[in-house]
Amino acid sequence: MLKDITLGQYFPGNTVVHRLDPRTKIVLVLIYIVAMFIAESFASYALMLVVLASAILLSRIRLATVLKGVKPLILVIAITAFLNVFYTSGHILVEFWIFKITKEGIFNAIFMALRIIMLIMGTFMLTYTTSPIMLTVGIEQLLGPLKVIKVPVHELAMMMSMALRLIPTLIEETDKIMSAQKARGADFDTGNLVQKAKALLPILVPLFISAFRRADELAVAMESRCYHGGEGRTRLNVLTMGGRDYISFALAVAVLAGVITLAHFGL
Amino acid sequence: MLIMGDIPQKRKPHRKEKCMSKTPILKIENLTHVYSKGTPFELSALNGINLEIGRGEVIGIIGHTGSGKSTLIQHLNALIKPTDGKIYLDGKDINESKQSVKEARSRVGLVFQYPEYQLFEETVYKDIAFGPKNMRLTPDEIDVRVRASAQFVGIGEELLERSPFDLSGGQKRRIAIAGVIAMLPEVLVLDEPMAGLDPAGRREIMENLMGYHQETGNAMLIVTHSMEEAARYAQRMIVLEHGRVAMDGTPEQVFSREKELKEMGLAVPEMTELAEKLREYGVPLEGTIYTVEQMRDALLSLKGGLQDA
Amino acid sequence: MMDIAIKTDNLTYFYNVDETGDQDIPDVLDNVSIEIEKGTFVAILGHNGSGKSTLAKHMNALLLPKGGTVTAFGMDTKDESLLLEIRRRVGMVFQNPDNQIVSNVVEEDVAFAPENLGVPSQEIRRRVDDALKTVGMYEFRSHAPHLLSGGQKQRVAIAGVLAMDPDCIVFDEPTAMLDPSGRRDVMEIIHKLRYERGTTVVLITHHMEEAALADRVIVMSDGHVVMDGKPKEVFVRVEELDELGLTVPETTRLLFELKNAGVDLPLDALSIDECAKVLADKFG
């Protein structure tokens, strides 16, 4: 079911991870991503795994939920790993026909898969523990300086939060329209590619019309609630950096330094 | 005038025969449905439903949000598969094969809530023809069905070549219903067909639907929140609660259990409530009253009695 | 002048053909002049396309008159410098709750309007909590709106308007998409606002039972006001209402039918209690 997609989903909570300033979390995730790309040894992966595990533990989000975010990409990960197994030269373990499985290939495959999975899980931790609005506020403020060079930062942030707001509604709507057209005998599963693409029209046309209608009504409702752009806006939740934010930064820099050091010594 | 009787029908028995036939058109046996089974979001929506829907019955399905109504009706044409239990259409399990599913989709027509949001074709004609086309009928058969269904829902010929998106909300709703009627389903299931319409619009749609029912003799299941409307049009009412059939009977039988209905958080018809009040005041009303006409006649007969005495 | 919340003076409006797009038959308003007194609860009835929604959208300057004037609390809606103040004082709740909620978290949605108005954070927090308590959704403050029921979403939408601290709220068919329990909740909130806060309420509806609860009922047809009075005065005009494609509460219908059958009864016993009393006197 389409409903099972967790894209951009937020799990409310009141843990340390939830309470971190969104700006902190965005920067932390960026550092995490950089560190993941530098890491290339057992030791550094172990270190990163500890970081990820503690974030998950602290956030009290179930591991199964975090893993679910990886599921849609499992095929991509599998193919990447598969290619790595066969296309890495080195110490040959098994050989048949033109294929050679090497020790290095297996290691590479495991690391590559692990890296992608950890990257996804880490980034999902950001959206799982930060409400989309806080996320946009964070991005808006981090990008704030760009206003000077006339980048419409508020508008971009608003568009993003609107998109996030409408995604669950439109997914639900797609489900409904699909059921309704199936009830009229529509068949989405059989036929060649052209037929399948054509079969999507009865879903896409009503979906687009409905999306525009919703956008229109939403705009009127926003106007009714005195929306007039970003000027003079205040916030319910003002972003304030606290002790925990500075400590997290310090830890993140330490981890990054650790990974770089490990890489430097080829560990 | 075109009527559905003119339509060449393949497997449909003659109307009279149909009404006389004893076997139910739909039989629901021990139907259970659990959403997201095995996850923390597990939600049991239906718990062992047993029902028989007779050919040509008009049934009102009542229950508050979350009682399982929507889940139940989506099982009837195999849009949702049972977790447990079976649904028989004309004695055949509808989930038996791909073929049986396909057959159920056309023989049990399902009109969702706000069906006007599913219109997609350039013209009214083409949109109504979508269902019959999917049934692979001949162009001639499709043409007859489109015109007849449009007529049933009160959409004039002159609108057939218009874009459905240029028409009013009420007209769109009726076109969407025609799109399902055009499949000539032996059971027509409608989820709140009148939601959001003004009183005149509600009346019109219900009258169109009753006209269709009388003409074809096909069974109709109407999910509604309006007790008054269910009572006015249905011969039988099914009340669902917590995924179970809480009541099943004639409107009289159902409304005579006023207390239980209220305990379920359902509204009883205004006239039923009024009758109760009047009895409290000592007005000797007999039987179950749920329509204005019944109340009027009951009161007038009382008055007659008074005058005679 | 002091006591008038909304006033329309010869209000005329029509849609340009290219504006209507795929909408319903365009509403028009033809010289509509009404005054809505402060602190009253006014229901507006009318068939689809009668102009009632168009009228409502003039009350907070979502639409501007093409003829005549509309004033909200003495402010001319055409005066652009007063736009925000007009919208703050005249809130609006729409039919589809899904299309008026702007955030993925209940409390952040409710905060949207005060944020736009530049209210200080602490004050926003106070208003959000207060509004959510008023509609009985406080314990859902950190939930995601799309997982709530229709009735709950509509309550959140109402809280979002209450957070502006408006003096008048226009409800445009707020119960049309709700089930009976959701409808009951919304009507209870309207009652509370009217009687406990003294908020002026304008309710556009198709449900006669809801209109029967109002202080005053205005019936629109083809862009004109055709009836205007207390519910009791309006609903006794059964035949006219039928002709307008509307209906009357079942209690009134019954009294009307009995009257037609020669029983002498007053038609204005609207509530079930009143109706029962009248009938008990006659038949008991």
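Six residues of domain 1 of chain B are in contact with four residues of domain 2 of chain B, where contact asks that the C-beta atoms of two residues, placed from the backbone, lie within 7 Å. What you have here is a predicted model, in which local features need pLDDT of at least 70, side-chain atom pairs count only at pLDDT 80 or more, and totals for chains, interfaces and linings use all residues. Residues are numbered from 1 along each chain as its sequence is written, while chains are lettered from A and ligands numbered from 1 in the order in which they are written.

Let's stay with chain B for a moment. On the domain 1 side of this contact, α8 (227-233) and α9 (251-255) of chain B each give two or more residues; helices here are DSSP runs of H or I with at least four residues, strands are runs of E with at least two, and both are numbered from the N terminus. The most comes from α8(B), with four residues. By class, this side holds three nonpolar, no polar and three charged residues, counting Ala, Val, Leu, Ile, Met, Phe, Trp, Tyr, Cys and Pro as nonpolar, Asp, Glu, Lys and Arg as charged, and the others, Gly among them, as polar.

Where do domain 1 and domain 2 of chain B run? The assignment places domain 1 at 4-252 and domain 2 at 269-309, with bounds that come from an automatic or database domain assignment. Taken over C-alpha atoms, their centres are 36 Å apart.

Now for the meeting of the two chains: 16 residues of chain A are in contact with 19 residues of chain B. On the chain A side, α8 (153-183) and α10 (201-224) of chain A give two or more residues, and α8(A) supplies the largest share, seven residues. This side of chain A comprises eight nonpolar, four polar and four charged residues.
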